[in-house]
Amino acid sequence: MTFYNRRPRTPGVTATLAPGVSRPRATSSRGTGARTQASVALASALQALRGPFIVADLETTGLSTATCEILEFAAVRVETCGTLAREYTQVVRTMSPVPSFITRLTGITQAEVDRHGVPMVQAFSSFLEFVEDLPVFFHNASFDRRFLGAAADRSGLPFANPTHCTLALARHAWPELPSHKLEILARHVGASNPTHRALADVRTTVAVALAAHSRLAAGEG
């Protein structure tokens, strides 16, 4: 979840302009740099969507990488033609009990973790083997990258794949939408509703990514 705070104005003396004189428009190199960076990221993502690429998702036991763990990995490999080639999903045997609110949100129970979960290092290693060196797309990628970075630090297994964000893609593709949450996008593109199980959410994200690519690529022509 992201919070937006309005930056307070710096108190000071307001200059009085002579009649007929316009105040010069301030230019921000930081703003220009951010726009350039966003344009480069968009172009890179569109190039990656030509395939093959990976769409992935993590379920976690909370929001903090310091106190929470990855609970489930899921990924789908999408080929150049847009077909879903292979899928990977694995529940993790977490060190701490699965919080009850996470079970209510995801449906992942402690019994499922005890029965089907594997240690995080094993699950992470299998995930890395599945994604190979392909570009990986996540919805709200910064969240997943933080947890993958923490997993890499703890396991000694590097995650060095280029990553892209379908949330950013969707904002470019459909700026008119009031929200770009995955469930809103799913209804907009006619995809299945996300369920907060990693593999189901990945399948929805694939549909969003392909629809956004189709819309944005058409605009390039």
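This is a predicted model: local features need pLDDT of at least 70, side-chain atom pairs count only at pLDDT 80 or more; totals for chains, interfaces and linings use all residues.
Trainee: Which elements make up the protein, and in what order do they run?

Mentor: The secondary structure comes to eight helices and five strands. Read from the N terminus on, the order is α-β-β-β-α-α-α-β-α-β-α-α-α.

Trainee: Is histidine 180 buried or exposed?

Mentor: Histidine 180 lies in the loop between α6 and α7. Among the residues that histidine 180 touches are His139, Leu167 and Leu185. A residue counts as buried under 20% relative accessible area. Histidine 180 has 13%, so histidine 180 is buried.

Trainee: Which backbone oxygen does the side chain of histidine 180 reach?

Mentor: Trp174 is one of the residues that histidine 180 touches. The distance from the side chain of histidine 180 to the backbone oxygen is 2.7 Å, and that oxygen belongs to tryptophan 174.

Trainee: What does the buried part of α5 pack against?

Mentor: Helix α5 covers residues 141–155 and reaches 21 Å from its first C-alpha to its last, close to the 21 Å expected. Its buried residues include Phe143, Phe147 and Leu148. The buried residues of α5 pack against β1, β2, α4, β4 and β5.

Trainee: Which residue follows α5, and what is its phi?

Mentor: Helix α5 has 15 residues, 141–155. Next comes glycine 156, with a positive phi near 80 degrees.

Trainee: Where is there a cis peptide bond, and what is its omega?

Mentor: Most peptide bonds are trans. Proline 52, in the loop between α1 and β1, is joined to glycine 51 by a cis bond. For this bond between glycine 51 and proline 52, omega is about -5 degrees.

Trainee: What is the phi of glutamate 132?

Mentor: Most residues other than glycine have a negative phi. Glutamate 132 is found in the loop between α4 and β4, and it is partly exposed, with a relative accessible area of 43%. Its phi is positive, near 50 degrees.

Trainee: What is the relative accessibility of histidine 196?

Mentor: Histidine 196 lies in the loop between α7 and α8. It is not a glycine, yet its phi is positive, about 70 degrees. Histidine 196 counts as partly exposed because its relative accessibility is 39%.

Definitions and conventions
Residues are numbered from 1 along each chain as its sequence is written. Side-chain values use heavy atoms; hydrogens and water are left out. Helices (H or I, at least four residues) and strands (E, at least two) are DSSP runs, numbered from the N terminus. Buried means under 20% relative accessible area, exposed over 50%, partly exposed in between (1.4 Å probe, protein chains only). A polar contact is a pair of N or O atoms within 3.5 Å; within protein, one must be able to donate a hydrogen and the other to accept it, and residues adjacent in sequence count only if both atoms are side-chain atoms. Contact means heavy atoms within 4.5 Å. The expected span of a helix is 1.5 Å times one less than its number of residues. Lists of a residue's contacts leave out its neighbours within four places in sequence.
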